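User: I'm new to reading protein structures and I'd like to go through one with you. Please give me the general idea each time, then the case at hand.

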Amino acid sequence: MKVAAALLCMTALVAVVLASEGFDISGATCDGSSWVSATQFPCFASKGKTFTIIQAWQGGHGATNSIAYCAKQAHAAGLQVSLYAYACPRCTGNTPAYSTFYNLVKNLAKQGVSYTYLYFDIEECPPQQCWETSTQQNANFLGDAVAGAEAAGAKVGIYASSSQWSQLMGSNTSFKNLPLWYAHYDSSPSFSDFKSFGGWTKPHMKQYNDHSDVGCFSNVDVDYM
């Protein structure tokens, strides 16, 4: 019994240690002309944030020009870095998806960008329609994008909410083996709210609030893993 209790305590301790919080930034330039300046990264780290997810692809606007600088400054502040791509089949420059995101990953490597995951952001962009009305066409596009990124060497994940996934991908479960970063703005850094969708039975990460003030003179989306 004592051994079992000790193991239970160790398991609980590991769970606490592994849990961490971070933030994500979109359309980042890191020069102060957008929401976040590189000078703020040390502040985020001082507030207990251990990782950041930076937008590397901006739909019809293409690659984020300053991604290498952003990632370098985040690493310098001690933050773990992942990236995300807002890819959309009806956006200029996003098709063919395989070669588009194969080339994105290769270009990131040429720039020396170090990151853990590249997440594909699955959501509509109202009032425009950036995705097809056919969920099968959307799934084909995403499959090609994932395949291209993986072939170029990226570890790929998916960002989506339950409602957006249902709208754009229907009941598709073919991506369930990729890490899921899900959105649910309940201001709770935990997975206790998670309900299965898209074939995922457990999440990898959660975006639990948008435009949150963490005390670094900038409002950012905050995340838990």
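Analyst: Let's start with the labels: helices, of at least four residues, and strands, of at least two, are DSSP runs numbered from the N terminus. Ser187, for instance, sits in the loop between β6 (180-183) and β7. Keep in mind that this is a predicted model.

User: Got it. How many helices and strands does the chain have?

Analyst: There are 6 helices and 8 strands. Reading from the N terminus, the order is α-β-α-β-α-β-α-β-α-β-α-β-β-β. The chain has 225 residues, and 48% of them count as buried. Among contacts with a separation of 6 or more, 68% link residues 24 or more positions apart.

User: Back to Ser187. What is its phi, and is the residue buried or partly exposed?

Analyst: Phi of Ser187 is near 60 degrees, a positive value in a residue other than glycine. Its relative accessible area is 48%, so Ser187 is partly exposed. His211 also has a positive phi, near 55 degrees, and isn't a glycine either. You'll find His211 in strand β7, and its relative accessible area of 40% makes this residue partly exposed.

User: Now helices. How do I describe two that pack together?

Analyst: You give the angle between their axes and the distance between the axes. Take helix α5 (residues 135-151) and helix α6 (residues 162-169): the angle is about 105 degrees, and the axes are 7 Å apart. That makes α5 roughly perpendicular to α6.

User: Which residues in α5 and α6 meet?

Analyst: From α5 come Thr135, Asn138, Ala139 and Leu142, and they meet Trp165, Gln167, Leu168 and Met169 of α6. Sort the residues of this contact and you get 5 nonpolar, 3 polar and no charged.

User: What about disulfides? How many does the structure hold?

Analyst: The idea first: a disulfide is a covalent bond between the sulfur atoms of two cysteines. This structure holds 3 of them. One joins Cys43 to Cys216, with 2.1 Å from S to S. The torsion about that S-S bond is about -90 degrees, so the disulfide of Cys43 and Cys216 is left-handed. Cys43 lies in helix α2 (residues 41-46) and Cys216 in the loop between β7 (205-213) and β8 (219-224), so the pair ties together parts 173 residues apart in sequence. Both Cys43 and Cys216 are buried.

User: Someone mentioned cis peptide bonds. Where are they, looking at Pro96 and Pro127?

Analyst: The number to check is omega. The peptide bond from Thr95 to Pro96 is cis, with omega near -5 degrees. Pro96 is in the loop between β3 and α4. Another cis peptide bond joins Pro126 and Pro127, with omega about 10 degrees. Pro127 is in the loop between β4 (118-121) and α5.

User: Let's finish with single residues. Why is Asn94 buried, and what does its side chain meet?

Analyst: Asn94 has a relative accessible area of 0%, and buried means under 20%, so Asn94 is buried. Asn94 belongs to the loop between β3 (80-86) and α4. A polar atom of its side chain lies 3.0 Å from the backbone oxygen of Gly59. Leaving aside neighbours within four places in sequence, the contacts of Asn94 include Trp57, Tyr86, Thr100 and Phe141.

User: And where is Ser161?

Analyst: Ser161 is in the loop between β5 (156-160) and α6. With 14% relative accessibility, Ser161 counts as buried. Its side chain makes a polar contact with the side chain of Ser163, at 3.3 Å. Beyond neighbours within four places in sequence, Ser161 is in contact with Ala183 and Phe197.

Technical notes:
Residues are numbered from 1 along each chain as its sequence is written. This is a predicted model: local features need pLDDT of at least 70, side-chain atom pairs count only at pLDDT 80 or more; totals for chains, interfaces and linings use all residues. Side-chain values use heavy atoms; hydrogens and water are left out. Axes are lines fitted to C-alpha atoms, for helices over the stretch in contact, and angles run from 0 to 180 degrees between N-to-C directions. Angles under 35 degrees count as roughly parallel, over 145 as roughly antiparallel, 65 to 115 as roughly perpendicular and the rest as oblique. Contact means heavy atoms within 4.5 Å. Ala, Val, Leu, Ile, Met, Phe, Trp, Tyr, Cys and Pro count as nonpolar, Asp, Glu, Lys and Arg as charged, and the others, Gly among them, as polar. A disulfide is a pair of cysteine sulfur atoms within 2.5 Å. Buried means under 20% relative accessible area, exposed over 50%, partly exposed in between (1.4 Å probe, protein chains only). A polar contact is a pair of N or O atoms within 3.5 Å; within protein, one must be able to donate a hydrogen and the other to accept it, and residues adjacent in sequence count only if both atoms are side-chain atoms.
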